[in-house]
Amino acid sequence: MKIKWYEKVMIGLFTFFLIIITIWLTVVPITKSKAFYMFEYKKNDTVNETGYTTNELSIITDKMIAFLFNKTDDMQVLINDEIVFSNQALYHMRDVRTLYTGGQIIGWIVLVFWLAIGVYLVMHFKRLRPHLLKYSLIVLLIIFVVLLIAGIFAMVDFNTAFDVFHRIIFPDAQKYDDAFFGPVSNYDELPGVDNLMLIKILSIGLFMDVGLIIGVVLFIVLIAWFITCIVLRKKYKPIIE
């Protein structure tokens, strides 16, 4: 049975959207989980890195999560009558929240399209099922090639790759500058404020673990999807033509 060109695209988009949805539904619970942050603080020795106690880090984390999920409009925290975050950190996290909120909106839109495509695939399953695996694999291969090229680029010149990535997500020059932290802030700060405190709390180790969790969950979901494609192609007889 012939398959139309737009149906090939729909199958590819279904797989691509599945990847986006999986990442979205993995990132949101992680970033909302206080237990995850507290686990990472212990693992990365954040108490010694920051000078804050576990209880103080707990208070700081509550404020960060509330800010990220729009429960408060101010992420600043006072510990022993001293502020925790520099102005640069606060401006940067505001930019991050904007991206995060936009990402969640995109996630919901993608979910709607994914479900709509899913309904179409079910309705025409008998005709389309021989092609599910093929075009899903093509999409995965394209994504793999793109990631491989990006990975090679990063290995050859990590600083440039890192710079390009941040210029893409922060095209505004000021927002781009605010994403890079050094001992000296981009803004006037009160005496004694540590401009590096944000990246001491949200360390590279924490982000690496987030990436690892996303990778593992995504791998499991894709394996399950491809196994489903194979099984359905061989055995499933649809009720709806």
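Predicted model: local features only at pLDDT ≥ 70, side-chain atom pairs only at ≥ 80, totals over all residues.
## Helix H1 against helix H6

Two packed helices are described by the angle between their axes and the distance between the axes. Helix H1 covers residues 5-32 and helix H6 covers residues 125-156. Their axes come within 8 Å and cross at roughly 55°. The crossing of the two helices is right-handed.

On the H1 side, the residues that meet H6 are Glu 7, Lys 8, Ile 11, Gly 12, Thr 15, Phe 16 and Ile 19. On the H6 side, they are Arg 127, Leu 128, His 131, Leu 132, Tyr 135, Ser 136, Val 139 and Ile 143. Sorted by class, the contact of H1 with H6 has 8 nonpolar, 4 polar and 3 charged residues.

## Glycine 12 in this contact

Gly 12 is one of the H1 residues that meet H6. Is Gly 12 buried or exposed? Its relative accessibility is 9%, so Gly 12 counts as buried, the limit for that class being under 20%.

Leaving aside its neighbours within four places in sequence, Gly 12 is in contact with Tyr 135 and Val 139. Both of these partners are listed among the H6 residues that meet H1. The C-alpha atom of Gly 12 is also 8.5 Å from that of Leu 137, a residue 125 places away along the chain.

## Helix H5 against helix H6

H6 also packs with helix H5, which spans residues 87-123. Here the angle is about 110° and the axes are 6 Å apart. This makes H5 roughly perpendicular to H6, because the range for that description is 65 to 115 degrees.

From H5, the contact uses Tyr 120, Leu 121, Val 122 and Met 123. From H6, it uses Phe 125, Arg 127, Leu 128 and Leu 132. By class, the contact of H5 with H6 has 7 nonpolar, no polar and 1 charged residues. Arg 127, Leu 128 and Leu 132 are also listed in the contact of H6 with H1.

Side chains of opposite charge can pair when their charged atoms come close. The structure holds 7 salt bridges. In one of them, the side chains of Glu 7 and Arg 127 meet with an N to O distance of 2.6 Å. Glu 7 lies in helix H1 and Arg 127 in helix H6, so the pair ties together parts that are 120 residues apart in sequence.

Where do the two partners stand in terms of accessibility? Glu 7 has 0% relative accessibility and therefore counts as buried. Arg 127 is buried as well, with a relative accessible area of 18%.

## Other salt bridges

Asp 62 and Lys 34 form another salt bridge, with the closest N and O atoms 3.1 Å apart. Asp 62 belongs to helix H4 (residues 54-68) and Lys 34 to helix H2 (residues 34-43), so this pair links parts that are 28 residues apart in sequence. At 38% relative accessibility, Asp 62 is partly exposed. Lys 34 is also partly exposed, at 27%.

Asp 163 is partly exposed at 22% relative accessibility, and Arg 167 is partly exposed at 46%. Elsewhere, salt bridges that share partners join Asp 73, Arg 94 and Arg 97 into one network.

## Two loop residues with positive phi

Asn 70 is not a glycine, yet it has a positive phi of about 60°. Asn 70 is found in the loop between H4 and strand E1 (78-79). With 47% relative accessibility, Asn 70 counts as partly exposed.

Asp 81 also has a positive phi, near 65°, and is a residue other than glycine. Asp 81 sits in the loop between E1 and strand E2 (82-83). Its relative accessible area is 75%, so Asp 81 is exposed.

Technical notes
Residues numbered from 1 in each chain as written. Heavy atoms only, no water. Axes fitted to C-alpha atoms, helices over the stretch in contact; angles between N-to-C directions. Helix = DSSP H or I, 4+ residues; strand = E, 2+ residues; numbered from the N terminus. Left-handed = near helix turned anticlockwise from the far one by under 90°. Contact = heavy atoms within 4.5 Å. Nonpolar A, V, L, I, M, F, W, Y, C, P; charged D, E, K, R; others polar. Parallel < 35°, antiparallel > 145°, perpendicular 65-115°, else oblique. Salt bridge = Lys/Arg side-chain N within 4 Å of Asp/Glu carboxyl O. Buried < 20%, exposed > 50% of the residue type's maximum accessible area, 1.4 Å probe, protein only.
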